[in-house]
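Subject: Structure handover and notes

Dear colleague,

I am passing on the structure that I have been going through, and I would be glad if you could read the notes with the model open beside them.

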Amino acid sequence: MAERIPFIAGNWKMNKSLSQAIDTVTKLKELIEDVQDVEVAVCPPFIALDAVVKVLIRSNIAVGAQNCFWEEKGAYTGEISPLMLADIGCRYCIVGHSERRKYFGETDANVNRKVRALYQFGLLPIICVGETLEQRQQGLTMNVVEEQIRGCLSGLPVNKVVDSVIAYEPVWAIGTGHTATPEQAQEVHSFIRNLLAELYGEENAQKIRIQYGGSVTPENIKGLMAMPDIDGALVGGASLEPEKFARIVKFKQ
Ligand code: PGA
């Protein structure tokens, strides 16, 4: 089995002023400076990205955006392009988060266009998928996740797909304190890995990192990371406090 380096990313959502963002990453940088065997990223709001990149230069923490548009430039009022994100030193961009699907009508087709645009400018997507509580109760979890993955990755060459990060985030677990159990998460992660193997071959599927997201805390990270197909976490609430996020990053210690 391929060795996948764990990847823990913090999704700050619409939180923190510029000075709070700078303060948070300054603290985080110090708290996790000795971490080598885990990849770490923070995803602040757009207005803090440039400053956060500057604080984190030559650190072991990468920076990601929480969204982008798919065009390079032009008359798209209010949008931010992948070219702009690449220009200031972002490495990742979250796409298809359930909050964007719910409040901003983001579809798999939109996500697919964003993923293609991100690759064009050398950024790596963190592609979010996951079912709602209603869908889970109706036994539709795997169908929903399969449709999202197929739609989001549609037409992408395999050499791009292997660098993509998939974040399985059951909607019912996001911001609710109801984390999926490690077994519940593993069941879906393993399903995703098998689907990727069907689409891109077993060897490639083994290279793709699949994060879990939804109420991850310093207390539950270890159990989740012990599962064979859970390769990291996308952390919301608990990533806002540097001490908490550092404990999650240091789940092995
Ligand atoms: P949460 O958010 O950790 O606050 O549940 C996770 C996410 O939405 O990425």
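This is a predicted model: local features need pLDDT of at least 70, side-chain atom pairs count only at pLDDT 80 or more; totals for chains, interfaces and linings use all residues.

Residues are numbered from 1 along each chain as its sequence is written, and side-chain values use heavy atoms, with hydrogens and water left out.

**The ligand**

The ligand is surrounded by 13 residues, and the closest are Lys 13, His 97, Glu 169, Gly 175 and Ser 215; a residue is taken as near when one of its heavy atoms lies within 4 Å of the molecule. This shell divides into four nonpolar, seven polar and two charged residues, where Ala, Val, Leu, Ile, Met, Phe, Trp, Tyr, Cys and Pro count as nonpolar, Asp, Glu, Lys and Arg as charged, and the others, Gly among them, as polar. A backbone N or O atom of Ser 215 lies 2.7 Å from an oxygen atom of the ligand. A polar backbone atom of Gly 236 is 2.8 Å from a ligand oxygen atom, and for a polar backbone atom of Gly 237 the distance to an oxygen atom of the ligand is 2.8 Å. Of the 280 Å² of accessible area that the ligand has on its own, the protein covers 95% (areas come from the Shrake-Rupley method with a 1.4 Å probe, and for residues only the protein chains shown count as cover).

**Salt bridges**

Side chains of opposite charge can pair when their charged atoms come close. The structure holds 19 salt bridges, each defined as a side-chain nitrogen of Lys or Arg within 4 Å of a carboxyl oxygen of Asp or Glu. One of them joins the side chains of Asp 37 and Lys 252 (3.5 Å, N to O). Because Asp 37 lies in the loop between helix H1 (18-31) and strand S2 (39-43) and Lys 252 in the segment after helix H12 (242-249), this pair ties together parts that are 215 residues apart in sequence. Helices (H or I, at least four residues) and strands (E, at least two) are DSSP runs, numbered from the N terminus. Asp 37 is partly exposed at a relative accessible area of 42%, and Lys 252 is partly exposed at 45%; buried means under 20% relative accessible area, exposed over 50%, and partly exposed in between (1.4 Å probe, protein chains only).

Another salt bridge is formed by the side chains of Glu 241 and Lys 244 (3.9 Å, N to O), with Glu 241 partly exposed at 41% relative accessibility and Lys 244 partly exposed at 32%.

The side chains of Arg 101 and Asp 108 also meet in a salt bridge (2.6 Å, N to O), and here both Arg 101 and Asp 108 are buried. Asp 108 belongs to helix H5 (residues 108-120) and has 16% relative accessibility. Leaving aside neighbours within four places in sequence, Asp 108 is in contact (heavy atoms within 4.5 Å) with Arg 101, Glu 147, Gln 148, Gly 151 and Cys 152.

**The network at Asp 229**

Arg 4, Arg 193, Asp 229 and Asp 231 are linked in a network of salt bridges. Not counting residues up to four places away in sequence, Asp 229 touches Arg 4, Gln 186, His 189, Ser 190, Arg 193 and Ile 210.

In helix H2 (residues 46-55), Ala 48, Leu 49, Ala 51, Val 52, Val 53 and Val 55 are buried, and the buried residues of H2 pack against H1, S2, strand S3 (61-65) and helix H3 (82-87).

Lys 16, in the loop between strand S1 (7-11) and H1, has a positive phi of about 85° although it is not a glycine. Ser 215, in the loop between strand S7 (209-213) and H11, has a positive phi near 55° and is likewise a residue other than glycine. Lys 16 is partly exposed at 25% relative accessible area, whereas Ser 215 counts as buried at 16%.

Methods
A polar contact is a pair of N or O atoms within 3.5 Å; within protein, one must be able to donate a hydrogen and the other to accept it, and residues adjacent in sequence count only if both atoms are side-chain atoms.
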